[in-house]
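Colleague: I would like to go through the terms used for this chain, one by one. Please set each value against its definition.

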Amino acid sequence: MAVSPFSLLMAVLWSSVFILLLFCLRKSTRFLSITGVGPLLFLAGGIVLRCFFPVEIPYFTQVIGLRGVVASVFRVLKAPLGIGSFLVLDVIWLLWIVGTLLLLGRFTWRYWRFSRRLRAYEPLEEGEIWEAASKTARRLGVPSPKLIQTSSIDTPQVTGFFKPVVLLPVFPYTEEEQDYVLLHELTHWKNHDLWVKLCVELLCDCFWWNPLVYLLKKDLSRVLEMKCDAAILQGKSQEEASVYEEVLLKTLVFTQNSQKENFVPFTVLELASSDSKAVLQRIQLIMKRKPRCQNKLALAALGLEFSLLLLVSYSFLVQPAYDPPSSEMSMGGQATVIDPSNTYLRDNKDGTYSLYQNGKEVEGDVEKEGAAVLLQQGFELRS
């Protein structure tokens, strides 16, 4: 498998298409009430895979050469800057790398500052809330959480990649509502949702210049909340579901009327954010909940469609195509045809390749990208 600027470009284009598809499906409450969030999580996994593995698959990925605008743009990117041997494309790579390193550094610094701030709080180690949290943790099979109650936040949150830390606002939940709050946050931790958010945060830092990755970040956060709601209410009665709805509504009203500073969003998962549309959609799904048709055949068909779409995204690669001048196409005044039957490559061990036709070396070296295209088309590489 090989990675080239063209395969990276295809990864960005396809992942952008998948992000827009995820956005449209996530907005459809009717679709979610029928299928649940499983297909969306599968699609999100495909987006992450497509971004972090922008490869060309030997003997599978086919090259499609395009002329016109595509070739003209690439010709500009390969143009020298007049500063040493730097090309326009080299500057773009440099800006990308520097931007990624700066954002990763900011992420690390902010998380360190957040962790330091958490250590300054005195945790709850006794009382009814602490006992309820310990009981819920045992029921879910997770470590007993560290509880911090603070007036600095307006919605319950969970953080901690290796041990759960539950942050509770100073808010008059009833005992039953408090149990649901703790169950919600610890269910997030049990399902490793914080690691999912971390993965998406890294994706945003690496592809910071693509605005659609921030749309993915927002939508996936909402999907994780829906998944958590479904897990909590599985097997629950309508009366119990109504209590859970009340918890969400109370928290939404509290966050709407509060001007308090919340903790760093990429390291926590909240019970209910100030985004009223997102919370109301969750409540609609709870009200419509029923033994979801969970038509396994339909879900399998949907999963197969997404898998085929992902496979198609690896099946072809767009590259610029040029019409070479006649001087490069002729030898001794006669036109020649270059194909795998009479031409092969030799590695010069310096990043370039020599082209041999009918046993004779063709003048001019072939760059690595061009050699990769020829090898994909069946040209032989000899030592």
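Modeller: Start with pairing: two strands pair if DSSP finds at least two bridges between them. Helices (H or I, at least four residues) and strands (E, at least two) are DSSP runs, numbered from the N terminus. This is a predicted model, where local features need pLDDT of at least 70, side-chain atom pairs count only at pLDDT 80 or more, and totals for chains, interfaces and linings use all residues. Residues are numbered from 1 along each chain as its sequence is written, and side-chain values use heavy atoms, with hydrogens and water left out.

Colleague: What makes β2 and β4 a pair?

Modeller: 4 bridges join β2 to β4 (residues 165-168), and the definition asks for at least two. The two strands run parallel. L147 has V166 of β4 as its bridge partner.

Colleague: Which strands are called edges of the sheet, and why?

Modeller: The open sheet has 4 strands in the order β2-β4-β3-β5, with mixed pairing. β2 (146-149) and β5 (269-270) each have a single partner strand, so one side of each lacks a neighbour in the sheet.

Colleague: Why is H184 called buried?

Modeller: Its relative accessibility is 0%, so H184 counts as buried. The cut-offs are under 20% relative accessible area for buried, over 50% for exposed, and partly exposed in between (1.4 Å probe, protein chains only). H184 is in helix α7 (residues 175-190).

Colleague: What does H184 touch, beyond its neighbours within four places in sequence?

Modeller: Its contacts (heavy atoms within 4.5 Å) include E225, D229, Y244, E270 and R282.

Colleague: Why is F53 called partly exposed?

Modeller: F53 has 48% relative accessibility, so it counts as partly exposed. F53 is in the loop between α3 (38-52) and β1 (62-66).

Colleague: What makes a nonpolar surface patch of L49, F52, F53 and L202?

Modeller: Patches take residues with over 30% relative accessible area and no salt bridge; nonpolar side chains (Val, Leu, Ile, Met, Phe, Trp, Tyr) are joined within 5 Å, like charges within 9 Å. A salt bridge is a side-chain nitrogen of Lys or Arg within 4 Å of a carboxyl oxygen of Asp or Glu. This patch covers about 330 Å², by the Shrake-Rupley method with a 1.4 Å probe.

Colleague: How confident is the predictor in the chain?

Modeller: pLDDT is the predictor's confidence in each residue, from 0 to 100. The chain's mean is 84, and 90% of its residues reach 70 or more. Over residues 325-333 the pLDDT is below 50.
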